[in-house]
Amino acid sequence: MRSKWVLVLATAVLLPLSAFAQSDGYYDRSYTRMSFVQGDVYVQRAQGQGYEQGQINLVVVEGDKLGTKSGRLETQLGRGNYLRLDSGTQVDVAGLPMADGQPTKFHVLGGSVYIRVATLDREKNFEIHTPDASFYILREGLYRVDVQPSGETVFGVLEGAAEGAGQEGSIVIEEGQRVSAADGRFVSEPSSLVARRDDFSAWNDTRDALFAQRSTSTYLPAEYVDYETELDSYGSWVNESDYGSVWVPRGVDASWRPYSNGRWVWYPIIGWTWVSYDPWGWSTHHYGRWGWGAGLGWYWIPRDHWRWGPAWVDWWGYGDYYGWCPLSYWDRPAYIFNNRFYGRYDRFQHRDFRGFDRSMTVVRRDQLHNRNIRDVAIGAGRLGGQMAGVDFRGGRPGFASPTRAGDAGIEARASAAFSGRGARTVDHGYAGNGTRLSAGEIRSSGSFGRSGAGQARSIRSYPSQNGRNDAFGLSSTRPLASGSRGYSSPSASRGNPSSGS
């Protein structure tokens, strides 16, 4: 593996900088992020890209597998939609929306998840498949799935409605109901949820309540409102005459500049993508642009016409070095010289790197993959007299980085997490074919056996720790209705109830 990485880098020296845009057909909801990480959380990358340890703002793409060992994970899906994993859970990200309206699909292989759906473009545009049954979301709401080690799935609707599908037909699960399935058949008809709380439901309530908070003033475009809470927590809004309301981060030191606290990760369908270690860094490094003022320092400028991007930077390459700086409001390199900000110029050519040191980050080519760029960034004192000039060309590095250097320990821990007991496979999904099963049909469908055809099987109960026959916590904090936060709610316009965030 080491020799392969050296070969890639050696080849990279000979390649020019080139534009490396994301693939056609993708848009901002084609890429999700980890918005909360606690404990041992891992991702197994699609297309054989290896393992990574979970961290806030890490990009999640279609085909990835998420796993928690002794931790919890929240993945932000956009427009108020969230997927939350309890400890000991594995989920395949089977499908994320494309520009053509492809549905969101998750395979829950084991463990427990909550799905908060605040925005649903159309019925059944959100799918959850388990080894035992498939479930299609019919209305905005809150849903819980438990894929149990005993070999059964329990699906509950705390808010909203869903259709469950198996081998013999489908059923509708209304708000306040749950249903059980095993081996493609429903082994209980929809029954009432019993109000009960566990640690996972309490944590889900806390996350919902956090995003239900609203600022007294909203400065963000409607497409950005998912990030309102975290921006309010870590910065403040001020008015700049040239741009209107801009956001200024709190608690950053004098050497901080955009795209400096984090790392670069290469993804097959996106290319080089910035992963910010700043807790507020997702929106400010994948949307909008940056400016600088002598009295403010760096500030972020949001506009609704700026869509998601892997990183809004301009690149520079020279000899053994790569450098980058944020793009300004005019989509030009952001440059500070003699305490004055320049952001309108298409190209800069300057023989002294010290003029760029407050906006540009530079590393050696072989450190572009480093897990902490700030530790290997090169200061002006080391480069000031070594550069023939700074000439931004606008392209990304012209080589791929398919390896995750330094991740040997992570790979071992992640492999252990994904090989944990209790996880099964989803061989295929069951389609809702319109055949509604009656109570009698559901009961009779229990006459099958896992070890042989014709073996009788009774409907099972699911004892909880407190002795109640329920696997869910019904209590939940209902966030604000979706329309109050700028989300479109197609079902609400049809007169259906909406209980999204």
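Reply:

The model is predicted: local features need pLDDT of at least 70 and side-chain atom pairs pLDDT 80 or more, while totals for chains, interfaces and linings use all residues. Residues are numbered from 1 along each chain as its sequence is written, and side-chain values use heavy atoms, without hydrogens or water.

The strand to examine is strand 14, residues 177-182, of which five out of six are buried (under 20% relative accessible area with a 1.4 Å probe, protein chains only; exposed is over 50%, partly exposed in between). Strands (E, at least two residues) and helices (H or I, at least four) are DSSP runs numbered from the N terminus.

Strand 14 has several antiparallel partners. With strand 11, residues 152-159, it pairs over five bridges (strands pair if DSSP finds at least two bridges between them). Within that pairing, V179 of strand 14 faces F155. Strand 16, residues 191-192, is joined to strand 14 by two bridges, again antiparallel; here S191 of strand 16 lies opposite R178.

Of its 501 residues, 56% are buried. Among contacts (heavy atoms within 4.5 Å) with a separation of 6 or more, 62% join residues 24 or more positions apart.

S260 counts as buried because its relative accessibility is 6%. A polar atom of the S260 side chain lies 2.5 Å from the backbone oxygen of R257. Beyond its neighbours within four places in sequence, S260 touches W274, T361, I373 and R374.

W274 also belongs to a cluster linked by ring pairs, together with Y259, W264, W315, Y322 and W324. Rings of Phe, Tyr and Trp (its six-membered ring) pair if their centres lie within 6.5 Å; planes under 30 degrees apart are stacked, over 60 edge-to-face, and the rest tilted. By this rule there are 31 aromatic pairs. One of them is Y243 with W330, which is edge-to-face, at 6.0 Å centre to centre and 65° between the planes. Y243 sits in the loop between strand 17 (235-240) and strand 18, and W330 in the loop between strand 24 (321-326) and strand 25 (335-337), so that the pair links distant parts of the chain, 87 residues apart. Y243 is buried because its relative accessible area is 8%, whereas W330, at 26% relative accessibility, is partly exposed.

Rings also meet charged groups. R365 lies over the face of Y322, a member of the cluster, at 4.6 Å from the ring centre. The charged end of R289 sits over the ring of W312, 4.1 Å from its centre (this requires NZ of Lys or CZ of Arg within 6 Å of the ring centre and within 35 degrees of the ring normal).

Methods: A polar contact is a pair of N or O atoms within 3.5 Å; within protein, one must be able to donate a hydrogen and the other to accept it, and residues adjacent in sequence count only if both atoms are side-chain atoms.
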